[in-house]
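Trainee: I am new to this structure and would like to go through it step by step. Could we begin with the terms and then turn to the residues?

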Amino acid sequence: MPRPTDSAKRYVPGLDGIRALAVVCVIAYHLGAPGSQGGMLGVGVFFTLSGYLITDLLLGHWRRHGALGLGVFWRRRARRLLPALFLMLVVVSVWVGLFDAAQLPAFRRQVLAAIIYMSNWATIAQHGSYFARFAAPRPLDHLWSLAIEEQFYLLWPSVLLLGIWTARNRWRLALLTLGLAAVSALVMALVHHPGYDPTRAYEGTDTRAFGLLIGAALAMVWPTRVARTAATPAARDLLDALGVAGLLGIGLLVWRTNSFSVFLYPYGFVLLSIATAVVVAAAVNPASRLGAVLGCAPLRWVGVRSYGIYLWQWPVIVLASPARGPLNWSRAALEVAGTVTLASLSWRYVEEPVRRGAIERLWERLRPIGAQVSTPRRLCVIWGSVLAAIFIPVVSVSGLLSAPPARGAAANVLGHALATAARGYPSIQAPRIAAVVRPVRALASTQTSCRSVVYIGDSTSEGEISPDYIPDPRRRLAAQLADVGVNRTVAEISGARSIVETYDQQPNAATVARQLVAEGFHGCWILALGTNDAADVRVGSQVGLSTRIARMMSIIGQQPALWVEAVTLVQSGPYAEAGMQTWNQDLAQACPEHPSMRTFDWPAAAKPQWFIPDGIHYYSLGYTARAHLIARGLAHAFPADAAPAPHCLVR
């Protein structure tokens, strides 16, 4: 934390060191540095530290004045947080408007959510993912944590005031606060579903409040003013030992966990908050040797600028290297240097001056001049300045600055399309897709005996029916199946779908199939499942893969069924490729037992450049080719006027 503008507030250099370590963990995680797969826990450190500092500030004002001083508190929070945020939003808006216009529709929503500090709930409402499972990363994805903190700043003072009136004792107040923290942790445990994207549990204000509340409870029983007296040798040694243990615990969690670790929700996050609280308790003791180490000049320098560093690091990483792959140390070094430079400039010329009252001083200087100007002219100057300040970012996000793409020669079509996909574009225009698909179509012109088809799939098939990914309806799934002779397509595609587990109140695949059979459907089936089933088994489901396959086939009966094999580019975690290969092997073993079953070799057809950075889902090119090739696979498996393919595996 920077030195306080309030002389009554004590400056603790060690807390800046904690901030520095937290933001380094976050950057390492976003860069994909080795050993930092749990680096997103740095945000949890920020939460607990913020809960401590804000509560200590409010209670200190209550002790001195008998009130929380909410007007002063919120005004200072606004001066500290808003200028740097708005500067970053303006710069990133101009960049996206000029160089990455295809993501403007989604980016506009992100900007609006950021301005009102609702980024986390906006992502959750849109079923988005902080972990890039359902879409390419966007430059404002990281603002979810700032939204939670700002919501805390707005709501917590009222809750705290009610607690002060009710408890009338710091220890009782702390116990009540820990009770609220326990409720929040319980909500996280109930919301989190192993094997599914954890964004709802990870970004919910209700599910992450316990980190802030544990810090708040510490401030009630161990405020900075009390810590000044805790300087006996025994107390210092104990605090230092506990603080070091807390740091080691944080490091162990960062090293040994990742975003999909079931242990984190909520146990790991609770342990992280407790470990952070212990480190904070040691750091605020003036006699602490650990506090002196954490408050050393390099860590303090980074910690003072940690807010700006956090604001800038994700946009820089995303916009500088949109097609993320294995860690490139040279590129990562440049991205870190760019982040630190931007944050330093923001601190030097925006954050610190505004925090120290630069806007008020400027207003005082201009007011005498403004008094000499007529009212209409003064209003013109004021409103003209306001409009000028917002004109450029508004024009940028409107898309008016974006030039239409040049139409190059046919030889450059594929390269341009892949470059577009690498930037995370949600769709690629139809003429470019056609250039890629037409040569494939010429190779397979057979027809299928299937006239009615049910397609049951998960998020790896969502783009096949989405106009955002495939603007030309002739390239989408239903049209591709119609090209091989299918008259009716029933698309039952839902994100995170598996055969057994349910997600977000959506029926699982077995339930969908059972209902269709009960309604009298009789035809062919395409089952593009397995990605989530393999992940569910990996994280502990007791229903094995072969049992899942058998369950679906028992529902379908003797109707022709084409299973689409699964593939990812992920090397670790629930969605690792090793689990997909196990699923495909179980499909191969089950196929001979069911005469009407065939499997489509999608792994052999899928190209690495079709995958978005999460290694699970696809760009527009991938979804277009996937719909096309699965349709041709159906024709090969169950051809018209011929017996089914003699072999289980078709290509």
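Mentor: Let us begin with one term: buried means under 20% relative accessible area, exposed means over 50%, and partly exposed lies in between. Please also keep in mind that this is a predicted model.

Trainee: Is C25 buried, partly exposed or exposed, then?

Mentor: C25 has a relative accessible area of 22%, so it is partly exposed. C296 also counts as partly exposed, because its relative accessibility is 30%.

Trainee: How many disulfides does the structure hold?

Mentor: There are two disulfides. As a reminder, a disulfide is a covalent bond between the sulfur atoms of two cysteines. One joins C450 to C524, with 2.0 Å from S to S, and one joins C591 to C648, with 2.2 Å from S to S.

Trainee: Which pairing do the bonded cysteines show in sequence order?

Mentor: Numbered in sequence order, the bonded cysteines pair as 1-2, 3-4.

Trainee: Let us take C450 and C524. Is their disulfide left-handed or right-handed?

Mentor: The torsion about the S-S bond of C450 and C524 is about -85°, so this disulfide is left-handed. C450 sits in the loop between α20 (430–441) and β1 (452–457), while C524 belongs to strand β3 (residues 524–528), so the bond ties together parts that are 74 residues apart in sequence.

Trainee: Are those two cysteines buried or exposed?

Mentor: C450 counts as buried because its relative accessibility is 1%. C524 counts as buried too, at 6% relative accessibility.

Trainee: And what about the torsion for C591 and C648?

Mentor: The torsion about their S-S bond is about -100°, so the disulfide of C591 and C648 is left-handed. This pair links distant parts of the chain, 57 residues apart. C591 is in the loop between α25 (577–590) and β5 (597–600), and C648 is in the loop between α27 (620–637) and β6 (649–650).

Trainee: A change of topic: which residues touch the most other members of the largest nonpolar core?

Mentor: That core has 94 residues, and those touching the most other members are L15, I18, M88, L143, L160, F269 and L311. A second, separate core has 35 residues, including C450, V486, F600 and W610.

Trainee: What is L160 in contact with?

Mentor: Leaving aside neighbours within four places in sequence, L160 contacts T55, L58, L59, L68, L173 and M220.

Trainee: Now the helices. How do α3 and α16 cross?

Mentor: The axes of α3 (residues 70–99) and α16 (residues 329–355) come within 8 Å and cross at roughly 145°. The crossing is right-handed.

Trainee: Which residues make that contact?

Mentor: From α3 they are R79, R80, P83, A84 and L87, and from α16 they are S346, W347, V350, E351, V354 and R355. By class, the contact has six nonpolar, one polar and four charged residues.

Trainee: Lastly, where does D206 lie, and what does it touch?

Mentor: D206 lies in helix α9 (residues 205–221). Not counting residues up to four places away in sequence, D206 touches W121, S184, V187 and R200. D206 is partly exposed, because its relative accessible area is 30%.

Technical notes:
Residues numbered from 1 in each chain as written. Predicted model: local features only at pLDDT ≥ 70, side-chain atom pairs only at ≥ 80, totals over all residues. Heavy atoms only, no water. Axes fitted to C-alpha atoms, helices over the stretch in contact; angles between N-to-C directions. Helix = DSSP H or I, 4+ residues; strand = E, 2+ residues; numbered from the N terminus. Left-handed = near helix turned anticlockwise from the far one by under 90°. Contact = heavy atoms within 4.5 Å. Nonpolar A, V, L, I, M, F, W, Y, C, P; charged D, E, K, R; others polar. Core = buried A, V, L, I, M, F, W, Y, C linked by side-chain atoms within 4.5 Å. Buried < 20%, exposed > 50% of the residue type's maximum accessible area, 1.4 Å probe, protein only. Disulfide = S-S within 2.5 Å.
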